[in-house]
Amino acid sequence: MAIFAIVFGTRTLNLTDKHPGLLLSIAFESVVKLVALWVVGIFVCFYLFDGVLDLVTQAASSDAARSVIYADRAPWVYLSHVLLGVCSMFVLPRQFHMNFVELNGEGELRTARRLFPLYLLGMTVFLIPLALAGKVLLPQSVNSDAYVLALPLYAENMSVSIIAFIGGLSATTSMVIVATLALGIMIANNLVTPLWLKLRLRAEPNHTMQPSKVLTIRRLTVLVVLSVALWYHLNVSQSAPLVKSGIIAIALLGQCFPVLMFGIYWQRSTKAAAVCALLAGFSFWVVYLLYPSIMSSYYFNSPPSDAELGIGFAYSLFANCVTFIVVSYITFKRPLHGIESETLASPTFAIRIKDLTALTQRVLDPAVHEALVNQLSVNISDANSGYANHTLLQRTEKLLSAQVGTPSARILLGAITETKNDTLPELVDWVEEASQSFQFNHEVLQSSVQNIEQGISVLDEKLQLLAWNERYIEMFNYPRSFLKTGMSIESILAYNAKRGLFGNATLTNDEINKRIVYMKEGSRYKYVRKQPDGKVIELNGSPLPGGGYVTTYSDITEYIAIQEALERAKSELEGRVVARTEELQHAKLEADKANESKTKFLAAAGHDLMQPFNAATLFAAMLAQKTKGGELATLSEGVVSSLNSAESLLTMLLDMTKLESGKLAPQTSSFALDDMLAPLVQEFSVIAASKGLTLRYVPTQLVIHSDKNLLRRIVQNLLSNAIRYTTVGKVLVGIRRKYSKSGHQRPLKSTTPLIDICVYDTGAGIPNHQQSEIFNEFHQLDETQNAQGLGLGLTIVERMGRLLHHPISLVSTVNKGSKFSVSVPCVETSYSNGNSNIKSADLAHTETAETRTKTTNGAIAPSAQTPRAMPSKPFLSGRRILLIENDAQIAQAMEVLLSDWGAVVLVATNIAESMQACPTPPDLLLVDYHLDASETGTQAVSQLQEKWGRKVPGVLITANRSEGIRDAASDLGLYYLPKPVKPLALKRLLKNELKLVD
């Protein structure tokens with residue numbers, strides 16, 4: 001332990017250095033000690049006894065344990081022990097070392113205020129249970145200090161015994177190390193080192209002190225202290241209880257506590273009072289504590305009880321305090337005025353600055369010595385550099401004390417003090433120079449005070465006016481002859497109160513008394529006062545170190561006005577922000593409502609407009625069929641073309657509405673690309689042929705992942721524009737793989753390959769400056785040529801591509817042609833038609849549902865195949881078809897169309913009529929989705945199939961193009977056909993897919 005203390009505690013000469021390694025080891029030992037105590041406490045309470053209540057019950061029936069529970073005068077014992085603990089916190093060497101030397105700041109002190117009480121609580125939880133258990137289970141000869149180790153040994157539990165031994169060893173080593181280190185350093189600095197220095201300087205006046213020798217003395221002292229402690233333990237303390245001797249030792253050190261507190265906080269304290277108080281306390285300690293303990297240890301007297309020792313300690317402290325106060329009043333002499341005494345007092349030592357710096361260079365750390373030298377304004381190498389003043393000597397003495405202690409520092413300074421008579425003239429010159437410097441500083445200070453913006457008033461220790469400046473007079477408008485030196489502050493405050501500066505007259509005396517109490521107590525205060533003339537004055541009062549009080553007065557009227565203006569502006573701005581926020585929120589709500597209403601209106605209007613369009617399209621198609629080859633053929637074809645153009649425009653507007661409202665959600669899936677492109681090219685081939693163009697398509701076996709309907713709409717618009725704006729040449733549709741520069745297929749997100757669906761044409765081309773504009777709304781490249789539509793086709797293409805995350809690209813050369821392409825992720829690189837598994841409903845949607853196309857003149861594209869000759873008999877001859885449609889015009893048109901094809905048509909408007917009109921299964925169902933009374937076509941088909949007991953082929957016809965309706969139709973085995981219905985598309989569906997040809 002001595003080696004540990006020497007290695008970790010005496011490595012440097014500086015006494016203010018921290019020892020983090022030492023503290024870390026002590027902290028660890030403290031935790032080990034706490035854990036070991038809890039282990040033993042839990043073992044005793046819950047293994048040796050059936051809990052704490054059982055332990056208390058057995059202790060109550062034991063005579064030995066009853067003395068612990070029912071001790072006499074227990075409150076007085078408790079109070080005396082608390083008082084001993086308070087004294088120990090300040091006067092025990094180890095406590096002083098931990099509290100003041102190792103403290104790193106107020107942050108650690110705040111943490112200790114919270115954690116240290118908790119640690120003490122943890123240490124005391126099991127003390128009483130362990131004491132009771134020891135009294136109950138152990139013999140009377142066992143010392144109470146050994147209960148923690150003796151109880152596990154009594155139970156023959158070696159594990160807990162070892163833990164208890166380790167905990168006790170941790171507690172002992174941490175206390176011994178810190179106590180030995182602190183006591184050894186104190187003895188070395190205040191006793192051994194000063195004696196050694198005096199002996200060395202007496203033998204060798206020019207002896208040079210070496211820091212290594214001081215460290216050696218300090219280390220040897222630590223070793224001697226620990227050796228003496230060991231000798232005391234082996235030869236003295238074995239015959240007396242450790243707790244009793246510990247109380248007696250702490251009580252002796254506690255006699256220093258009153259002297260320490262009085263010396264810090266009582267100004268009448270004197271050296272004679274401190275000496276007499278220590279002697280008085282020591283005398284009472286010998287009589288009431290030491291003598292009874294010696295008699296009990298060596299002369300067979302009964303040992304003093306804790307109550308007797310506590311009362312003896314209280315007597316000694318009381319005698320100590322009374323002696324200190326009485327002697328202080330007798331020996332106290334009032335000193336001269338603080339400033340005057342410091343000016344007139346001669347320096348304690350006459351030391352040249354050169355000799356002083358030489359001493360600090362040998363003793364202090366190099367960095368500290370360098371900082372001290374840099375603060376000097378003289379050349380230290382000059383032999384006649386002059387003498388050190390009182391302030392420099394005090395600072396140097398403080399720095400030396402931090403290294404070797406205060407007594408040794410005084411001895412070292414005394415050793416270099418000059419005592420020759422020829423130094424007297426120099427001292428006179430020094431005093432004269434100091435007087436001149438003081439006068440100069442006083443004039444500079446007075447000039448500064450008079451010219452600052454703040455008002456200042458200075459009071460002496462009697463609270464009488466000592467000094468002030470002109471700003472103070474101007475600020476409070478005092479008469480020129482009113483303020484005088486020695487004037488009491490009470491009269492000044494009373495004068496201000498009469499002028500109404502304190503506000504309410506009834507509270508004037510209270511306000512004056514409050515100010516005077518602040519000044520007498522030396523308390524700081526800060527106050528803002530508004531005067532009757534409108535000025536706002538800030539008062540700051542502070543006590544002076546040597547007694548007295550200084551108050552500064554600042555005119556903050558302008559600052560307060562600016563602050564109030566800022567607060568008003570802030571309030572107004574906050575009000576405007578709140579109002580504007582409410583307006584914006586209201587406007588946003590109105591805009592959202594308007595947008596929602598617009599979306600609902602357009603959706604409803606689109607559906608309602610499709611109904612008459614459907615009927616008109618059917619009637620126009622039948623009219624064109626019946627007038628074919630006649631005089632009205634041209635007129636009927638014009639009607640059909642106009643209806644198709646109007647339908648195309650309406651479809652575009654509905655698509656734009658869905659895209660803008662965000663209602664259009666992609667329904668992605670994996671499908672064969674050829675299944676989408678082949679029918680589309682087949683539809684446009686006739687239109688291209690009618691314009692004299694060649695439409696080519698390169699088939700593909702690739703499978704892609706996208707929304708089939710939206711992607712088809714994109715390619716359809718690109719193909720329609722290519723045919724519309726190409727007058728001579730050809731149009732090509734094909735697939736190109738995207739490759740990186742290295743020749744490998746370019747990945748999408750590092751895993752998915754990409755392909756480009758390309759549409760090439762040999763049209764007029766698009767200039768570079770217009771290639772980005774053509775994707776804008778209502779923009780047409782050439783408004784004089786083919787000026788049909790609204791210019792929304794490419795806008796819809798671009799927005800649908802953005803929705804699907806399919807980039808749209810354009811490469812065009814004027815007078816040569818253009819290439820539009822859309823990038824799509826590819827799922828598989830090959831596809832076999834034989835392995836395709838496409839449901840009939842999807843095929844119907846691909847082949848039939850989207851057979852309409854927007855061409856340059858709005859005509860319907862016929863099949864690319866050569867039409868077969870019309871049979872002599874209608875292809876639906878004898879077929880029974882149930883038509884469920886709530887719109888009368890559409891029902892009439894469909895009935896006429898189907899009747900011309902030879903079918904027997906049964907018409908119904910709702911579910912009830914359909915069951916009544918067709919009690920037996922028909923050959924075909926044609927059903928509208930939206931019926932009357934909120935009924936739907938899918939509900940009607942489901943109930944009819946349930947009634948008939950089997951499924952009947954059918955087609956769901958509706959203007960609603962949502963994916964949910966398509967899925968519902970597919971689940972019922974129905975094909976899906978969007979409105980407006982094209983007779984050719986319906987005819988192809990009935991012939992090719994439903995096989996209704998006779």
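Is glutamate 156 buried or exposed in this structure? Glutamate 156 is exposed, with a relative accessible area of 70%; here buried means under 20% relative accessible area, exposed over 50%, and partly exposed in between, with a 1.4 Å probe and protein chains only.

Before I continue, a word on the basis of these values. This is a predicted model, in which local features need pLDDT of at least 70, side-chain atom pairs count only at pLDDT 80 or more, and totals for chains, interfaces and linings use all residues. Residues are numbered from 1 along each chain as its sequence is written, and side-chain values use heavy atoms, with hydrogens and water left out.

I turn to the overall picture. The protein has 35 helices and 18 strands; these are DSSP runs numbered from the N terminus, helices being H or I of at least four residues and strands E of at least two. Of its 998 residues, 39% count as buried. The protein exposes about 55,300 Å², of which carbon and sulfur atoms supply 59%; accessible areas come from the Shrake-Rupley method with a 1.4 Å probe, and for residues only the protein chains shown count as cover. Taking contacts between residues at least 6 apart in sequence, 71% join residues at least 24 apart, where contact means heavy atoms within 4.5 Å.

Let me return to the backbone at glutamate 156. This residue has a positive phi of about 60° although it is not a glycine, and it sits in the loop between α9 (147-154) and α10 (158-203). Histidine 805 likewise has a positive phi of about 60° without being a glycine. Its loop runs between α29 (793-804) and β12 (808-813), and histidine 805 is exposed, at a relative accessible area of 69%.

Next, a helix pair. Two packed helices are described by the angle between their axes and the distance between the axes. For α5 (residues 74-91) and α13 (residues 256-265), the axes come within 9 Å and cross at roughly 65°; axes are lines fitted to C-alpha atoms, for helices over the stretch in contact, and angles run from 0 to 180 degrees between N-to-C directions. The crossing of α5 and α13 is left-handed, that is, the near helix is turned anticlockwise from the far one by less than a right angle, clockwise being right-handed. On the α5 side, Val86, Cys87, Phe90 and Val91 meet Cys256, Phe257, Leu260 and Met261 of α13. By class, this contact has 8 nonpolar, no polar and no charged residues; Ala, Val, Leu, Ile, Met, Phe, Trp, Tyr, Cys and Pro count as nonpolar, Asp, Glu, Lys and Arg as charged, and the others, Gly among them, as polar.

What of the cysteines? With a disulfide taken as a pair of cysteine sulfur atoms within 2.5 Å, the count comes to 0 disulfides. Cysteine 256 is in no disulfide, and the nearest cysteine sulfur, that of cysteine 87, is 9.7 Å away. Cysteine 256 is partly exposed, at 36% relative accessible area, whereas cysteine 45 is buried, at 1%.

Finally, two residues towards the end of the sequence. Aspartate 923 lies in the loop between α32 (911-917) and β16 (924-928) and is partly exposed, at 30%. Aspartate 923 and isoleucine 881 are 42 residues apart in sequence, yet 5.8 Å apart in space, C-alpha to C-alpha. Beyond four places in sequence, aspartate 923 touches Gly878, Arg879, Arg880, Val952 and Pro953. Glutamine 945, in helix α33 (residues 937-948), counts as buried at 10% relative accessibility. Its contacts beyond four places in sequence are Arg950, Lys951, Val952 and Leu972.
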